[in-house]
Amino acid sequence: MRMSKGLTAKIAVLVAVVLASMIAMGVLLTGMQGQLTRSSYAEEIEYEEASLPELLEQADAETAENTAQFDAIYQSKAASVSFMAQNDAGFEATDAKMVEYQELLAVDNIMIVTREGEIVARATDTRADFTRMRFNRLRDTFDTHEPSEAVEIEYPEEEWLDRYYASRIDDETMVVIEQDPAELRTLVESTGSLASVLGGISLGQDGYVFAVSAKDYVIEYHPDEDLIGADAIDAGLSVENLEDGTLANMTLAGEPLFCGVTKIGDMYYISAVPEADMAASSAITVGVILFAFFVVIAAVTLYGIFVLRDDERHGHSEEDYRRLGPVRLNRSIAGRALVLAIVGFLGILVISFYMQTLFALSSQSLTLSERAESIAKSIERSQASAAELEDQYGERYLSKAEVAAYIIDQNPELATREKLGEMADALQIQYIFTFNDQGVMTATNSSFTNFVLSEDPEDQSYEFRKLLQGVDYVVQDAMPDEVSGELRQYIGVTTHDASGQLTGFVQLGIRPTRLESLLESVQIDHVLDGVQVGADGFAFAVSKADGTIAYYPDQNTTGKDAAACGITENQLRDGFSDYITVNGERYYASVSETSDYYVFVAAGEGALMAERGPLTIATGAIALVCLIVVFALIAIEPSSRIYAAAGSLEDEDRKGVVEVNIGGRKVRTETAVSRWLGRSFHWDELSPEQKVGCVLRWFAGVAVIVVCIAVIFKDSIFDKRSLFSYILGGTWEHGLNIFAITASLMFACVLATAAAVIQKILRLVSRVLDARGVTMCRLISSVVKYASVIGMLYWCLALLGVDTATLLASAGLLTFAVSLGAQGIVSDIIAGLFIIFEGEFRVGDIIQVGGQRGTVMEIGVRTTKINDGSGNILVLRNSNISNVVNMTKEHSYAAVEVGIEYGESLERVENILAEELPNIKKRLPAIIDGPFYKGVTMLADNSVNIKIVAECAEKDRAPLTNDLNREMKLLFDKHDISIPFPQVVVNQPVQFKKATAAEKAAADRFNAEQKEAVKNMVDEDEDFDESNDSRR
Amino acid sequence: MQDITRRGFLGLALSGAAVAAGALAGCTPNAAQTGSAGSAGKAAPASSSDTLRVGVRADIVGFGYLNERTGKYYGLEIDIAEELANRLGYKNVEYMTVLPENRKELLLEGKIDALVACYSIAETRLENFDFSPAYYDDSVIAVVQNSAQVNSIDDLKGATFGTMSGANAAPLLSIKLYEIGFSNGESRSLGADNNDVLFDTWHLLQYPSYQELSDALEIGEVDAMVLDGAIAKTYMNDERSVLDGFTVDEVSYGVATQKGSELSGRVAETIQGMLDDGTIGAIIDKWD
């Protein structure tokens, strides 16, 4: 039957409305989500930009400090040569002596140069022309009597990179040291360079800061090394965007970025967040919410359409409508559509809120844990560098001590308080001590006097006794001074006389302030102090050694016991990421572990979490509006329009569908047979409810399969650091949280898909197998089903934080308990579960259990309630339900057997039946098909028994049987066909009427016809024989 | 050529700067050349009507800079040329890299229609070309290494100055030094191609490119480099500074076109229009 024009138009309008609302919802969600993400990133970018100048200043200060340190070393080397020249310590202005000094001082080149710039002596050749004004700075030393500042020449063309230092010898000559500052460059690169500053900044997940020169638009720093040196304009940035304060979308090397620009000095610093980053995370959220919305609105709409179509096909009764002025409400639709809409609306709200939470929490989790990791790494790094620094400083001062020893060797006369003072100034150290070969101090520039090396191994000075026993030098670690508590370091180098005989040693006492400050800078509080995460985030650390808080932004908390502040044992582990409570404040935190500390990075819930409420409400509002429009369209129509009833309500037979009574309401349901056999229906035969159910199942199927595919191919679909990967990665806390629930759902989807696929395959396989194969297939299919359900339960419980080992153990315990006595209840429960899982019968089915027959009212966990038709309710224990006959079949047969007297002509009776059976059908509406004459069933003692059957619904069977009996009696009475009953007959031979030839022929034909008609019909006794399954 | 140049230096001492300026630049064409080149330019049609051929610099960041990877030019002069062509009704702009030593010839020979190449408006140049109103004002400055400890021009007595040959910084410098009484303007010896000129109180070295000039300053071969402020920006670093209180001259960059060509008037008008409506201001701002 074709659809009417009106319905077609209505459907078109509905589809248009659904599409429009989908688009509206999509635009709104993408917009809001995008806006939200953008604003949260904008906030972060703003913060980063604000902190950048300080970072750069720090780096510059670091560079200046490093350069000054480097210069000081070589200045002191130059000064020590001056000292030797001025103090008769074997100085000669010869090339050979210069080579000696070059080795002693470990410099690239050392020269004696006149004030004008003429080179008097040199260790190696130099490219520098000191007569040039370029080197004027070196000549400062003649005026200041101090070593000069450095002059650096960098001429890459000729690979000429050197720093020059001068120190005055007398008014006409100076020492010039030439040194390649490669070491300094490396140090600056790692501490003060743009790369070292910007490399440490991260924005969100994958965001970074890169720098573009404002002079030539060359990219000066970018995390991707290939881009360093590229033209930024060429790479896709536009000149218009490169202005201080810009916040815009840009493209760099083909990657769309959300960028903030800040200009400091001659450099644009661009804080960039990849848009893919922003989009990817929100796309899943938006996608899921949109899908849910689509499912709901499609379900409501389709339901409306199905009902309207159904009405059109089968007609409808006027009582379904309720007039409301010019319009009328289709009550049959309205009720259920309303329920669908309300449930759907709630579903949308829940899903929206859920997804927003998931999105917000997982992105925060990712950000925090990445931050924690990077902090932990930098702590480890700085600890390593501290050790390196100590070595470096030891070496540096050792070299000074060697110079001092060399000078004393050359001129032992210099071992006086005054000269040592001068020497200390030249070497830029605090104290010099000279000792004789007995370990007795002979001279010093310090205030200590009369010092003798201790003979107690516990004392600090004892170690230096080694020098008198053949060791060339001793470098003691820096340690707090016994008196002042200041960090101090002592280094000793032996001295010899001209013949090489040991004369004692020189000892330097150093106050390594620089080392001290460097060591301080790698301390935990120093590292964590500067950490800022988003707007309100911070970092703190818990010491592994004693479980106290090693650093916390709040002074009062630092040093307290972590447990006392609210940090629990299970939070103290690498990779933890969840809510924590510190001093009563709730934070979301991630933990990373270093060798000494647990580093926490904590932040408040963040903007995303704060926004999820309004977002959900907005989503809900749109959904509500859309649903109301759709509802109005399907349930309300103009009063004037009446669909012509196309036929009687009963005109079409629906195969495989029966009407059942549930709670006093008539509901059409699929017959048990067709449920079990997985029989497919013609779409048109389904009721609207079934159709909607079917569509919803499809949607669910699609969703499950999509999730399954996403899980299986996560690596190729999603970025490694995406939210999805995070959820699947399982690094979150196991417990009752949103990640665990999500992961459980995902796992369930995968398992469900896998199980469904296996079952489908088995069903296909079973088609080509023999009976035993089919049995095996069904068995396997059943096993797969239960295994997947049990596996799923087990896995999900594990994810939700249930200790699965305990669970297994408790299963054993359970068995024990069962064996003890609870087994009755347990078996009831299990049997109940099986009934539900296997679908032996459903609520509404008519079943027969152990001789009792009735309609299933309720399947409980322990019992099943059955209405026996006369209002009595049988309560059956589930474990007792066995040998069930499910009578909810397509059709039942009402059968009556009537005896006829032997004398009666069978042909005549058959002719009468042929004439009258159609009339019976007309009189008895319960008859679906028939009645049929089934032939002679028995030649009994007193009668010839014939059987009449009629097809009917199971619920009508009993009354119909009665009706048929009545009809037969009336029929036989009417035609004077006697039904034998025990009686005494006085036999008077009667001439029986003979059948005419025509009657005979007609009777034969009738017989044949009837046989043909009932060929596919089975007797009640044969209900479940193989022939019934033949349609499978 | 050699004669003219020598006379130029003598003339500088005698009467003034104008002639010497052109001579020092080392590429003043003689009258005959000017004539022939000019007529050649007129003979050749300006170009096919929909393409404007512009001579631009390829090495001055912010003004005219060629990215060799893409072959595209960037800078404020490029933007000006683009806008100019647009307003003049050309569909396309064709850029050609010009160097100080060949830009005059290229324009005179009509291989390009206009020069937008940090080309300053100077009297000597006005003889050969038409200039639009100035679109950028700059000054010629001296850059020194900090380590040379030069604080004023007087510290540079006896020092070596470097310029790029082909730019007109050298003549401007000699005039300036003469004017402030730093030098008597007399050249004592002249190297080949005027690249090594010894004056009474200073020494002039000329280099073929700005990079080489900068390198010479780095290694101390020259004590000060004299060049346009706009160009100097590219070569500045922490160890260098602009010599305080010493400006060689103010220069203004204009768009140069062939003397008397029909384009001249329109270009001048258009540039004036772009100055008036703030377009050029915006472009300068953008590239600053």
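**Sheet, helices and interface**

Modeller: In chain A, five strands form an open sheet in the order S7-S6-S10-S9-S8, with antiparallel pairing. The edge strands are S7 (219-221) and S8 (247-252) of chain A, each of which pairs on one side only. Direction ignored, neighbouring strands of this sheet are turned by 40 degrees against each other on average. The model is predicted: local features need pLDDT of at least 70 and side-chain atom pairs count only at pLDDT 80 or more, whereas totals for chains, interfaces and linings use all residues. Residues are numbered from 1 along each chain as its sequence is written, with chains lettered from A and ligands numbered from 1 in the order in which they are written.

Biologist: What makes S6 and S10 of chain A a pair?

Modeller: Strands (E, at least two residues) and helices (H or I, at least four) are DSSP runs, numbered from the N terminus. Two strands pair if DSSP finds at least two bridges between them. S6 (residues 208-213) and S10 (residues 267-274) of chain A have six bridges, in the antiparallel sense, so they meet this definition. Within S10(A), A:Met267 stands opposite A:Ser213.

Biologist: Why are H13(A) and H16(A) called roughly perpendicular?

Modeller: Angles run from 0 to 180 degrees between N-to-C directions, and axes are lines fitted to C-alpha atoms, for helices over the stretch in contact. H13 (residues 688-712) and H16 (residues 738-767) of chain A pack at about 105 degrees, with their axes 8 Å apart. Roughly perpendicular covers 65 to 115 degrees, and the two helices are therefore given that name.

Biologist: Which residues of H13(A) and H16(A) meet, and how do they divide by class?

Modeller: Contact requires C-beta atoms, placed from the backbone, within 7 Å. Among those that meet are A:Val704 and A:Cys708 in H13(A), and A:Met746 and A:Thr753 in H16(A). The residues of this contact comprise nine nonpolar, one polar and no charged. Here Ala, Val, Leu, Ile, Met, Phe, Trp, Tyr, Cys and Pro count as nonpolar, Asp, Glu, Lys and Arg as charged, and the others, Gly among them, as polar.

Biologist: What makes up the side of chain B that touches chain A?

Modeller: The contact takes 22 residues from chain B and 21 residues from chain A. H8(B) gives the most to the side of chain B, with three residues. By class, that side has seven nonpolar, eight polar and seven charged residues.

Conventions: Parallel < 35°, antiparallel > 145°, perpendicular 65-115°, else oblique. Contact = placed C-beta atoms within 7 Å.
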